[in-house]
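Trainee: I'd like to learn how to read a model like this one. Can you walk me through it?

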Amino acid sequence: MTDLNRRNFLKAVGGASGLLLFNISNARAFINNASFRNPLKLPSDRGMFGLLEPSAPFTLTALETEYEILPHRSTQLLAYEAEAGGRQYINPILKIEKGNNLSSLLVNHLQESTTIHWHGLHVDHKNDGHPVYQIQPLDEYPYDFSVQNRAATYWYHTHAHRRTAFQAYYGLASLLIVEDEDERQLTGNLDLNFGETDIPLVIQDKTFDANGDLVYSRNPMGATDGFLGDTIIANLTYRPYLNVSSRIYRFRILNASNARIYRLAFANSRTSMPFYLIGTDGGLLTTPQQVTEAFLSPGERIDVLLDLSRSRAGETVWLKSLAFSGANDCGMMGGGGMMGGGTGQCASLPNGSSFSILKLNVTRRIPYDKKIPAELSTITPIETNDAETRRFTLSFSMMRWLINGLSFDMDYVPVTVTRGSTEVWEITHPLTSMGMGMMGMMNMPHPMHIHGFQFHVLQRINSPYHVRRLALDGNGVIPTDMGLKDTVLVWPGEKVRIAIDFSHNFPGSQRYLLHCHILEHEDNGMMMNYEVV
Ligand SMILES: [Cu+2]
């Protein structure tokens, strides 16, 4: 066992390590906005999050590495390393044209099994990263598929059996951007340039120890609440800033956190600023939606435009997460103090806290006259007249989250769907009224993710107030429900109805997954096989 492994292993199992924290957490309550002094890391043509447009098969090696997240400190991570055209990449941002082939060999140089899930992509089950296909240390796995999805910001990450939370927290995740004609038109209309004015933003929460290494305390509460770090980072940058000009910027935002939900908003010194939601998980909306906030749960992406064309030089704009309630209230069972901090509402930075994420410094005025187009793309609604309704109920029992009363069984397939059929899936999260202590833990939202197929959100019923007030119509859907989705946040008390078209052209029956994207919930069995036959 190398030093790294020994250290990580100790952290992974020892809640006590949570007691020795970098003093970020103490300073958090007084976060000094002047401390956003680190330039946001942007994709270049190599290195961390380097942009890789594969024209040939390439290798992704999952390995242990080091990276400077906190200034002047080295953090031990797990990452995907790639080499192409003589350049080295760490967690490359992959960019590929719709219809092209993605061919990548995963080589496992970790000390444990792993697999890659191409989150949001319509691929056959052998390419989907189902844990049944995970590979042992030193083994290899060939992914090879045609990219059938429309343009969008997808991502790829580990899906190791019961180890996804750990491996993703330590770094095994990056973006996969698909391009098509609609996308090129938007980029041309607004004169967007990837990495300059079209900014990928991977938001995560971590906890660091005094050496700058990550702390991941696994304890019983972490399994039920999900791990919450006390330090927010974007593109692996601590307290980042970005210098911008007076023009339109695009942000492709991924919530790659294990369990934290963000309520994103832009604000200048006085007020919140409206922005335009132009895309969700599965790509561009038909028309831009003007909003002032957007919830983003683990696994979800939003694509937004921020119009700074009237901003003055010297102005500062913040990307923030606003406070909200209803995530998970701290009950007597959720004792962060008892457990060393890091879970649920009792964490040092509870879910629903407000904080700044990114500082935008408007440094200069430039001539810019581009306008946000009224139409972005076309989406064909899914016809549900003849659709069968299938019901899923989320519940909590014996310290585990369940779907229809079941915990994940690798070999059991509770749901069988007919190829080519359309179904309405109705996901219900009943409010529970247990004793005071249990209640907070049991009434927490779950981002439900479906492998293999994008879906449409049809209806939200009985949403909590902070969601209901964002509703666009009588069906209760909110702006971030528009377009195509692969992950939908289901709040306590809610019933969410989604439509899925199970057409595919893969040979034979296909086994996929439905699961919660709070990674600790997924690892602890809030996951279910389904098969399309
Ligand atoms: Cu969950």
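Trainee: Which protein donors does the copper ion have?

Mentor: Keep in mind that this is a predicted model. The copper ion has His446 (ND1), Cys516 (SG) and His521 (ND1) as its protein donors, lying 2.0 Å from it. Water is not among the atoms, so a site like this may look incomplete.

Trainee: How are the donor residues spaced in sequence?

Mentor: The pattern for the copper ion reads H-x69-C-x4-H.

Trainee: Is cysteine 516 buried or exposed?

Mentor: Cysteine 516 is buried, and histidine 521 is buried too.

Trainee: Next, strands. What should I look for in the pairing of β30 and β34?

Mentor: Start with the general idea: strands of a sheet pair through backbone hydrogen bonds, and they do so either parallel or antiparallel. Here β30 (residues 446–450) pairs with β34 (residues 510–516) in the antiparallel sense, over 3 bridges. Across that pairing, histidine 449 stands opposite histidine 515 in β34.

Trainee: What is the strand order of the open sheet that holds β30 and β34?

Mentor: Its 5 strands run β28-β35-β34-β30-β32, with mixed pairing. At the edges you find β28 (415–417) and β32 (487–490), each pairing on one side only. On average, neighbouring strands of this sheet are turned by 25° against each other, direction ignored.

Trainee: And what about the open sheet that holds β31 and β33?

Mentor: That one also has 5 strands, in the order β27-β26-β29-β33-β31, and its pairing is mixed. β27 (400–403) and β31 (456–461) each have a single partner strand, so one side of each has no neighbour in the sheet. If you zoom in on β31, you'll see 5 bridges joining it to β33 (residues 495–501), and the two run antiparallel.

Trainee: Last topic: backbone angles. What is phi at aspartate 191?

Mentor: As background, most residues other than glycine have a negative phi. Aspartate 191 has a positive one, near 55°. You'll find aspartate 191 in the loop between α4 (181–190) and β13 (198–206). Its relative accessibility is 45%, so aspartate 191 counts as partly exposed.

Trainee: Where does arginine 239 lie, and is it buried or exposed?

Mentor: Arginine 239 sits in the loop between β15 (237–238) and β16 (240–245). Phi of arginine 239 is positive as well, near 45°. Its relative accessible area is 11%, and buried means under 20%, so arginine 239 is buried.

Technical notes
Residues are numbered from 1 along each chain as its sequence is written. This is a predicted model: local features need pLDDT of at least 70, side-chain atom pairs count only at pLDDT 80 or more; totals for chains, interfaces and linings use all residues. Side-chain values use heavy atoms; hydrogens and water are left out. Donors are N, O and S atoms within 2.8 Å of the metal (3.2 Å for Na, K and Ca); water is not among the atoms, so sites may look incomplete. Buried means under 20% relative accessible area, exposed over 50%, partly exposed in between (1.4 Å probe, protein chains only). Helices (H or I, at least four residues) and strands (E, at least two) are DSSP runs, numbered from the N terminus. Two strands pair if DSSP finds at least two bridges between them. Axes are lines fitted to C-alpha atoms, for helices over the stretch in contact, and angles run from 0 to 180 degrees between N-to-C directions.
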